[in-house]
Amino acid sequence: EGSVTVMNTVLGHGGFGLVLCGKFNGSPVAIKVLKLHEHDSLASIAAELRIHRRLRHPNIVLFHGAMVDGVDGDVAIVMELCLGVTLETFVGSLSVVDTDDTRYECRLGVCHALYYLHTRSPCIVHGDLKASNVVVETRLSHTGRNVAYARLLDFGLSRALTRSAKPLGGTVRWAAPEVFAVENMRPLPAADVYSFGMLVFFTSTGALPYAQYSCHAVVAKAVHGNLPALHWER
């Protein structure tokens with residue numbers, strides 16, 4: 001419970017809707033506003049709410065609550081406002097003189113978040129781990145050095161590993177091959193681990209996984225089991 005104020009400042013947008021600035025009981029928050037068009041959308045949002053409300057970890061963006069407009073059908077998810085940028089933007093801003101420590105710090109934060117998710121009971125699979133679903137904040141360490149602090153967000157495709165868990169989704173280039181190759185594949189933590197490997201590749205090289213192929217070609221190669229090796233040159 002509490003008072004929520006929605007502002008007109010847009011933090012981001014996409015197929016899901018908008019992310020706006022707002023205030024929750026006077027504190028700054030991010031408000032993810034979604035428009036429902038299909039029954040699947042409502043089911044997906046309900047799944048995100050059920051999972052996200054249970055999570056409390058410093059490397060996972062904090063969930064405050066949700067609001068539903070009974071007239072227009074709008075759903076708004078109220079989250080902690082992170083003063084950072086996506087991992088995609090952060091890695092793009094790094095120069096060749098940046099030390100590997102910065103890249104390591106990003107990976108370590110995601111590792112902590114995944115370990116927390118995978119050790120819940122029941123285990124939680126994020127299901128859509130990619131650079132745009134990680135936000136990186138720059139914080140001052142006790143030694144006076146700026147450190148990269150990575151935090152995981154967007155649990156719209158997450159699954160708790162119960163008997164009724166639905167098959168995984170995912171994003172081409174980041175998702176494990178079996179997500180596309182195996183019909184109705186049961187969610188497994190291994191799929192997140194594969195996607196984390198793609199994050200390691202991205203933070204190491206600055207290149208998207210399989211950027212030389214179209215999304216259609218990546219899926220076709222995954223289905224036929226012939227994805228090529230990645231080239232790790234920076």
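Is R120 buried, partly exposed or exposed? I looked this up before anything else. The model is predicted, and in it R120 has a relative accessibility of 32%. Buried means under 20% and exposed means over 50%, so R120 counts as partly exposed.

**Entry on the patch.** I noted the position of R120 next: the loop between α3 (100-118) and β7 (124-125). R120 also belongs to a positive surface patch, together with R50, R53 and R54.

**Entry on the cis bond.** I stayed with the loop between α3 and β7, where P122 is also found. The peptide bond joining S121 and P122 is cis, with omega at about 5°. I wrote this down because most peptide bonds are trans.

I checked the UniProt record, an unreviewed entry, which places the feature "binding site" at K32. In the model, K32 lies in strand β3, which covers residues 27-35. The relative accessible area of K32 is 8%. The cut-off for buried is under 20%, so K32 is buried.

**Entry on backbone angles.** I then looked at phi. Most residues other than glycine have a negative phi. N25 has a positive phi, near 55°, and sits in the loop between β2 (17-24) and β3. R173 has a positive phi as well, near 90°. I found R173 in the loop between β10 (159-160) and α4 (177-181).

**Last entry.** Is R173 buried or exposed? Its relative accessible area is 15%, and I counted R173 as buried because the cut-off is under 20%.

Notes
Residues numbered from 1 in each chain as written. Predicted model: local features only at pLDDT ≥ 70, side-chain atom pairs only at ≥ 80, totals over all residues. Heavy atoms only, no water. UniProt positions renumbered as here; feature names shortened; annotations may be inferred. Helix = DSSP H or I, 4+ residues; strand = E, 2+ residues; numbered from the N terminus. Buried < 20%, exposed > 50% of the residue type's maximum accessible area, 1.4 Å probe, protein only. Patch = residues over 30% accessible without salt bridge, like charges linked within 9 Å, V, L, I, M, F, W, Y side chains within 5 Å. Areas by Shrake-Rupley, 256 points an atom, 1.4 Å probe, with all protein chains shown as cover. Salt bridge = Lys/Arg side-chain N within 4 Å of Asp/Glu carboxyl O. Lys, Arg positive; Asp, Glu negative; His and termini not counted. Charge placed at Lys NZ, Arg CZ, Asp CG, Glu CD.
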